[in-house]
Amino acid sequence: MDWLRRLLHPDSAPPRTMRLDAGHALQVATLHHQGGFARGWEPAECAALIADAAVVADGVFSGGGHHPEGFVISRKAADEAEILSIVVAPARRRDGFGRALLAAHLARLAEEGANHVFLEVEEGNLPAERLYRHFGFREVGRRKGYYPKPDGTRATAIAMRLDLA
């Protein structure tokens with residue numbers, strides 16, 4: 001279906017990635033609310049997180065756009081990093097934005113000395129699981145009932161790890 005999207009949107013340029021700063025906090029919060037989480041992040045939380053020296057935040061942009069169409073935020077500690085959240089706008093999913101974003105982010109983490117990257121993904125989020133496995137993440141554990149869901153139930157988190165070095 002990617003060919004159909006390109007046919008219908010011929011003006012869409014390939015995604016570009018760049019570092020985010022606190023000025024992107026409102027857009028990051030808006031995107032996080034679109035991520036399907038039980039509790040979205042507020043702009044002030046995003047600004048504080050992005051400003052933290054231990055945090056790496058990258059965004060993906062379309063064409064000459066100035067607002068991110070997706071983001072990924074990780075926290076570093078020693079030679080490890082944990083991806084705290086990654087979200088791509090619903091309209092940009094399946095357009096390669098997630099793949100471009102994660103590739104750039106992992107390269108940046110490696111440049112900054114991370115040898116191991118961890119993340120957790122909700123069991124059943126197959127597009128996210130496929131994306132992570134494409135980059136070499138492997139399952140290292142499960143946390144039953146970890147994620148609260150909007151309907152009050154709880155979902156299992158799959159813990160994943162990628163060795164960069």
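Visitor: How many salt bridges does the structure hold?

Guide: The structure holds 15 salt bridges, a salt bridge being a side-chain nitrogen of Lys or Arg within 4 Å of a carboxyl oxygen of Asp or Glu. This is a predicted model, in which local features need pLDDT of at least 70 and side-chain atom pairs count only at pLDDT 80 or more, while totals for chains, interfaces and linings use all residues. Residues are numbered from 1 along each chain as its sequence is written, and side-chain values use heavy atoms, leaving out hydrogens and water.

Visitor: Which residue forms a salt bridge with E129?

Guide: R133 does, at 3.8 Å from N to O. Both residues lie in helix α5, 4 residues apart, about one turn of the helix; helices (H or I, at least four residues) and strands (E, at least two) are DSSP runs, numbered from the N terminus.

Visitor: Is E129 buried or exposed?

Guide: E129 is buried, with a relative accessible area of 11%, whereas R133 is partly exposed at 40%. Buried means under 20% relative accessible area, exposed over 50%, and partly exposed in between (1.4 Å probe, protein chains only).

Visitor: What are the buried residues of α5?

Guide: In α5 (residues 126-134), they are A128, E129, L131 and Y132. They cover an arc of only 160 degrees around the axis, so they sit on the same side of α5; the arc is that of the directions from the helix axis to the C-beta atoms.

Visitor: Which exposed residues does the face turned away carry?

Guide: That face of α5 carries P127 and R130.
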